[in-house]
Amino acid sequence: MGKIIFYEERNFRGHFYECDSDCSDLHSYFTRCNSVRVEYGSWMLYEHPYFRGHQYYLRPGEYPDFQHWMGYNDPIRSCRLTPQYRGSCRIRIYEKENFRGQMMEFKEDCPHVHQHFYFHDIYSCNVQDGHWVFYDEPNYRGHQYYLRPAEYRSYSEWGSSNPHVGSFRRVRDNC
C-alpha cells in the first residue's frame with residue numbers, strides 16, 4: 001500500500017494529485033512537479049511516461065522542491081510503487097559485461113563502489129535477492145537506476161548509458 005502526492009508548485013502549493021498505485025502516464029493530472037509528499041511506501045519517479053528517463057527513488061517524507069529528490073528539472077511523467085521487501089538482499093557485480101571478470105557479492109549498501117570493488121565501473125550484475133538502486137556518484141548521489149531481481153548482462157539493461165556506478169543501496173520497506 002502506498003500514497004504519494006504531487007504538487008505543481010514548490011513547498012506543497014498549487015494544483016496537486018494523489019496517487020496510490022503505479023501510473024504509466026501522469027501527464028493528464030499535472031503539467032509539472034515541483035514538490036512531493038510521500039505518505040506511505042517507497043516510490044520510483046520517472047522523467048518520461050511508461051517508466052523511462054531519469055529515475056528518482058523516494059522514501060516516505062517531504063520533498064519541498066525537485067532538488068530535494070536530486071531532480072534535474074520538474075517533469076515527472078510516471079511513477080511506480082516499489083514492492084515491500086523485508087527479506088535478505090544479495091547482488092553480484094562484475095567488472096566486465098556478461099558476468100565476466102572480477103566479481104563481488106554484496107548484501108549491504110555500498111556508499112562508495114571504488115573503495116570496496118576497486119573498479120570505477122560495473123559492466124554487469126546479477127540481482128539475486130531484493131531490489132536495489134544504483135547511483136552514478138558516491139554517497140547515493142547523481143542519476144539513479146532501479147534494479148529488480150534479474151540478470152543484467154550490460155549496464156544498458158538497467159537503463160544507463162555508461163558503466164560508471166558510484167554507489168548502490170537496497171530498497172527497503174521503511175514504513
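Analyst: **Strands and their side chains**

Four strands form an open sheet in the order β2-β1-β3-β6, and their pairing is antiparallel. The strands named here are DSSP runs (E, at least two residues; helices are H or I runs of at least four), numbered from the N terminus, and two strands pair if DSSP finds at least two bridges between them. Before going further, please keep in mind that this is a predicted model, in which local features need pLDDT of at least 70 and side-chain atom pairs count only at pLDDT 80 or more, while totals for chains, interfaces and linings use all residues. Residues are numbered from 1 along each chain as its sequence is written, and side-chain values use heavy atoms, with hydrogens and water left out.

At the edges of this sheet stand β2 and β6 (61-63), each of which pairs on one side only. From one strand to the next the twist averages 15 degrees, where axes are lines fitted to C-alpha atoms (for helices, over the stretch in contact) and angles run from 0 to 180 degrees between N-to-C directions. Strand β1 (residues 3-9) runs antiparallel to β2 and is joined to it by five bridges; in one of these pairings, Ile4 has Cys19 in β2 as its bridge partner. In the loop between β1 and β2 lies Asn11, whose phi is near 60 degrees, a positive value in a residue other than glycine. Most residues other than glycine have a negative phi. Asn11 counts as partly exposed because its relative accessibility is 45%, given that buried means under 20% relative accessible area, exposed over 50%, and partly exposed in between (1.4 Å probe, protein chains only).

A second open sheet of four strands has the order β9-β8-β10-β13, again with antiparallel pairing. Its edges are β9 and β13 (150-152), each with a single partner strand, so one side of each is left without a neighbour in the sheet. Neighbouring strands of this sheet are turned by 15 degrees against each other on average, with direction ignored. Strands β8 and β10 pair in the antiparallel sense over five bridges, and the bridge partner of Arg92 in β10 is Asn126. The loop between β8 and β9 holds Asn98, which has a phi near 60 degrees, positive although the residue is not glycine. Asn98 is partly exposed, since its relative accessible area is 39%.

Arg90 forms one with Asp129, the closest N and O atoms being 3.4 Å apart. This pair links distant parts of the chain, with Arg90 in strand β8 (residues 90-96) and Asp129 in strand β10 (residues 124-129), 39 residues apart. Arg90 is partly exposed at a relative accessible area of 26%, and Asp129 counts as partly exposed at 24%. Another salt bridge brings together the side chains of Glu105 and Arg92 at 2.8 Å, N to O. It too connects distant parts of the chain, 13 residues apart, from Glu105 in strand β9 (residues 100-106) to Arg92 in strand β8. Glu105, at 32% relative accessibility, counts as partly exposed, as does Arg92 at 26%. Arg90, Arg92, Glu105 and Asp129 are linked in a network of salt bridges.

The structure holds eleven salt bridges. Among them is the one between Arg80 and Asp22, whose closest N and O atoms are 3.9 Å apart. Here Arg80 lies in strand β7 (residues 78-81), while Asp22 lies in the loop between β2 (13-19) and β3 (35-40), 58 residues away. Arg80 counts as buried because its relative accessibility is 18%, whereas Asp22, at 42%, counts as partly exposed.

Finally, the loop between β10 and β11 (132-137) contains His131, which is buried, with a relative accessible area of 12%. Its side chain meets that of Tyr146 in a polar contact of 2.9 Å. Such a contact is a pair of N or O atoms within 3.5 Å; within protein, one must be able to donate a hydrogen and the other to accept it, and residues adjacent in sequence count only if both atoms are side-chain atoms. Leaving aside residues up to four places away in sequence, His131 touches several residues, including Pro83, Tyr146, Leu147 and Arg169, where contact means heavy atoms within 4.5 Å.

Methods:
A salt bridge is a side-chain nitrogen of Lys or Arg within 4 Å of a carboxyl oxygen of Asp or Glu.
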